Amino acid sequence: MGKITEAQLKTELKSGRLSRVYFLYGEEEFLTKTYVEKIIGAAVPDDARDMNFVKYSKAPKSDELSDQLENMPFFSEYKCVLIEDLDADGMDNAEHKAYLSIIENLPETSVLIIAQEHIELEQKKLKAKMKKLLAACESAGVSCEFKPLTNYKLSEMASKKFARSGLSISKENAAFLAEECSGSLSLLQTEIEKLCAYKTSGEITREDIEKLVPRQINSNIYNLAKELFAGRTGSALHILDDLFSQKTEPFMIFAALSGHFTDLYRAKLGVSAKKNPHDAAKEFGYPPNRAFLMEGAYRSANNLSKRYLGDCMEILYRTNKLLNSSKADKRILLERAITKIAALPKK
């Protein structure tokens, strides 16, 4: 009992010896959902779910939860209850205390699953009530955190999935596909299925990926910045025009653009401090599945001066203030920012 890894959870479910309570959380929502379904499947047969499985999208009242968990299962070994996004800190003291008591006294015939898919849960910043609830779950059962997968891990998974479908893909193209999916396992799964349906044999090429996988906004912003650095302002504005034609929100465009330049500026600072990309990503608090951004930023920042990147950040800072306070057309503000950056000396 306590906090376990994904591998340990997988082993437990295969053994058939279920814990009374599972607290599942983490940034990788696809894995959280996958293991919720695995636990439900291990606890209750499909043909007995109507009578033995209950799902709540938010925390029910403690007396209702208690009744559900105390009810004996019908034609099943367990009664299973799932609560998604339980906001412990939003409970009053009496309800919170009642929940802790329920968790501490779960019957042998019940399995409680608490899945935090949309409420951020960072161990170091847990408030008192959530911390106590997590501790109670780990005392009565187990918790498991699903951290973001690295770009390398995602590309490995893509290669294996294509191989199982009788297809091949180069390491470079698998990495490109993973990056296009912005580190999302859920999106990666969807795009792999699409590519497998499109190409039933042979090799998945870069052209196949570019043809079928929608360009993510970060990829477009990367290309926009690349055109700016090459002095092709017209081409950069054309990419911005494409983003607007796709109905992309101005604030999303700005967030991606400022995020890219922030990566570059941090990379320049990392180079100055003689740190490698991995250590720099760690120092700046990048999650594991986003650390690859620093590697790319190191390469791009080589030919850009610290003064230039600082001036870019100043332009973006002023643009951000205007976007939030001015009544001017958001598109014009973004175009103006791009042309100002284009006019800066890069050395």
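Helices (H or I, at least four residues) and strands (E, at least two) are DSSP runs, numbered from the N terminus. What you see is a predicted model, in which local features need pLDDT of at least 70 and side-chain atom pairs count only at pLDDT 80 or more, while totals for chains, interfaces and linings use all residues. Residues are numbered from 1 along each chain as its sequence is written, and side-chain values use heavy atoms, with hydrogens and water left out.

**The whole chain**

Turn the view around slowly. The C-alpha trace spans about 70 × 55 × 40 Å along its principal axes. Of the 347 residues, 47% are buried (under 20% relative accessible area; exposed is over 50% and partly exposed in between, with a 1.4 Å probe and protein chains only). Among contacts (heavy atoms within 4.5 Å) with a separation of 6 or more, 77% join residues 24 or more positions apart.

**The sheet**

Next, select the strands E1 to E6. In what order do the six strands of the open sheet lie? The order is E1-E6-E2-E5-E4-E3, with parallel pairing; two strands pair if DSSP finds at least two bridges between them. Strand E1 (2-4) and strand E3 (53-56) are at the edges with a single partner strand each, so one side of each has no neighbour in the sheet. Ignoring direction, neighbouring strands are turned by 20° against each other on average.

Now zoom in on E1 and E6, which pair in the parallel sense over three bridges. Select glycine 2 and you will find valine 142 of E6 opposite. Move on to strand E2 (residues 21-25), which pairs with strand E6 (residues 142-145) in the parallel sense over four bridges. Here, tyrosine 25 stands opposite glutamate 145 in E6.

**Two helix pairs**

Two packed helices are described by the angle between their axes and the distance between the axes. Axes are lines fitted to C-alpha atoms, for helices over the stretch in contact, and angles run from 0 to 180 degrees between N-to-C directions.

Select helix H7 (residues 151-164) and helix H8 (residues 171-180): they pack at about 115°, with axes 8 Å apart. Show the side chains of the contact, including Leu154 and Phe162 of H7 and Ala174 and Leu177 of H8. The contact residues divide into seven nonpolar, three polar and one charged (Ala, Val, Leu, Ile, Met, Phe, Trp, Tyr, Cys and Pro count as nonpolar, Asp, Glu, Lys and Arg as charged, and the others, Gly among them, as polar).

Now go to helix H13 (residues 250-272) and helix H17 (residues 330-342), which pack at about 20° with axes 10 Å apart. That makes H13 roughly parallel to H17 (angles under 35 degrees count as roughly parallel, over 145 as roughly antiparallel, 65 to 115 as roughly perpendicular and the rest as oblique). H13 makes this contact with Pro250, Phe251, Ile253, Phe254 and Phe261, and H17 with Lys330, Leu334 and Ile341. By class, that gives seven nonpolar, no polar and one charged residues.

**Last stop**

Finish at leucine 322, found in helix H16 (residues 306-325). At 38% relative accessibility, leucine 322 counts as partly exposed. Select leucine 333 too: its C-alpha atom is 7.6 Å from that of leucine 322, eleven residues away along the chain.
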